[in-house]
Amino acid sequence: MSFDDLGLEPKLLDAIKASGYENPTPIQIEAIPPALAGKDVLGIAQTGTGKTASFTLPMIQRLAKGRARARMPRSLVLAPTRELAAQVSENFEKYGANHKLTMALLIGGVSFGDQDAKLTRGVDVLIATPGRLLDHFERGRLLLNGIEVMVVDEADRMLDMGFIPDIERIFKLTPMTRQTLFFSATMPPEIQRITDQFLHAPVRIEVAKPATTAETITQRIVRVPSKDDKTKRAVLREVMSGKDVKNGIVFCNRKSTVDVVAKSLQKHGFNARPIHGDLAQAFRTETLDKFRNDEIQFLIASDVAARGLDIPDVSHVFNFDAPIHADDYVHRIGRTGRAGKKGAAFMLITPGDGKNYDAILRTIGKDEIEELKITSSFEKKEPRKSRSRDSAEKDRTEETPKKGRRKASPEKERHESRKADDEAPVESSSESADRRRSGNNKKREQGGEKTVGLGDHVPEFMTRAVAS
Ligand code: AMP
């Protein structure tokens, strides 16, 4: 099946060609023809499947005819996060390169005045997060009764974020005659109810979950003997220092943990930056750009911030925390091993993670995930709990190598650091001293450092019970 067979007009085919895509993905094959025919579509698909193009392409074709009127957008795409909304807008720019469609983005962090001016002139495509859209609506700056096509992207994430009442309200503000294209990775009852209520005889399309099909992802767990975050961070550093690690995303369950882990990694010489919803939009955009351009090697992320991000070529995913929702595991590891490339996903498992780990195994249909046993020297550097603070401090100072230290210029910490009072403190700088590695793996290249491997013995510390 080629793009030529889907009923798309030549101008769109040219834009697709310019994007470098050769063949449509399964969701594109199934969703584009009914969407072009004006039918409602219910797509059960995750990011990475090509779902964005499956709604963007037919929308552009439909919107090519007709003109926008002031304050009455002709189509609406709702996305759960600013990043995802921004990515959808990039897709419209890419595929709509040969069309003259106007677009506005209503998301936090983007100037209200500029977007309002665009709305006044009239837009064909309005891309928004639900809260920001309702803000504009309530100020009387926007009418939704001209909407011809409405897209809800990543509805399951909207549910997690508490946006479902907003979505219902927005549906009711748009005309009954609209076409609806609705995408969700999963179909919990609340989402099913919304689709039953607002979609008209939708064509239902389900594409396989990447995690159950992506044989290209090597999955491993690393058992950590303690729930203590400091021990976890030490294990994480070991795993991240693996030979094949080109770049990666480290996922944490909480924003405060993201901040602490990012700071700690920076202090240990890793080229890492945090990304989560409480950071300034400009910082998040810059971080993503730098990550894409290989100026940053590791993103430390929360699920919401990372969801839907279009980041090519991630070699590794590290789950610092086992995700609370098993579905998030699927999303997280789906950031690697894309498009047939090889990827690896590691997850730290502490004694308290049993329930979450079992749920993940059920979701991915496995009995177990192979364990990576790290042969490491770091345990010597972990002060024993029973020792006095002073002697532990002394050890740390003594163990910090004096020669060969190399400070990889850690990214400037311009993010709005939140007080991570629910977390273990970040190590002191005397302790940190970049002893493990520099941002570009210099030491390892010189063969002077122990790295991660499938070691054949369990280090003593791993079997030791540590009070948390
Ligand atoms: P999405 O699921 O929409 O986030 O898309 C995931 C990635 O696949 C993005 O990097 C897209 O640019 C890319 N993509 C979308 N459609 C195709 C296609 N037909 N062939 C190759 N890559 C694609």
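In which kind of crossing does helix 6 pass helix 8? The crossing is left-handed, meaning that the near helix is turned anticlockwise from the far one by less than a right angle. The model is a predicted one, with local features needing pLDDT of at least 70 and side-chain atom pairs counting only at pLDDT 80 or more, while totals for chains, interfaces and linings use all residues. Residues are numbered from 1 along each chain as its sequence is written, and side-chain values use heavy atoms, with hydrogens and water left out.

Helix 6 spans residues 130-138; helices here are DSSP runs of H or I with at least four residues, strands are E runs of at least two, and both are numbered from the N terminus. The helix 6 and helix 8 axes (lines fitted to C-alpha atoms over the stretch in contact, with angles from 0 to 180 degrees between N-to-C directions) lie 10 Å apart at about 45 degrees. The two helices are therefore oblique to each other, as angles under 35 degrees count as roughly parallel, over 145 as roughly antiparallel, 65 to 115 as roughly perpendicular and the rest as oblique. Where they meet (contact is heavy atoms within 4.5 Å), helix 6 brings residues including Leu 133, Leu 134 and Phe 137, and helix 8 brings Ile 167, Ile 170 and Leu 173 among others.

Buried residues (under 20% relative accessible area, 1.4 Å probe, protein chains only) of helix 6 include Arg 132 and His 136. The buried set also packs against strand 2, at 75-78. That strand is covered on both faces, with Ser 75 and Val 77 buried on one side and Leu 76 and Leu 78 on the other.

Definitions and conventions. Buried < 20%, exposed > 50% of the residue type's maximum accessible area, 1.4 Å probe, protein only.
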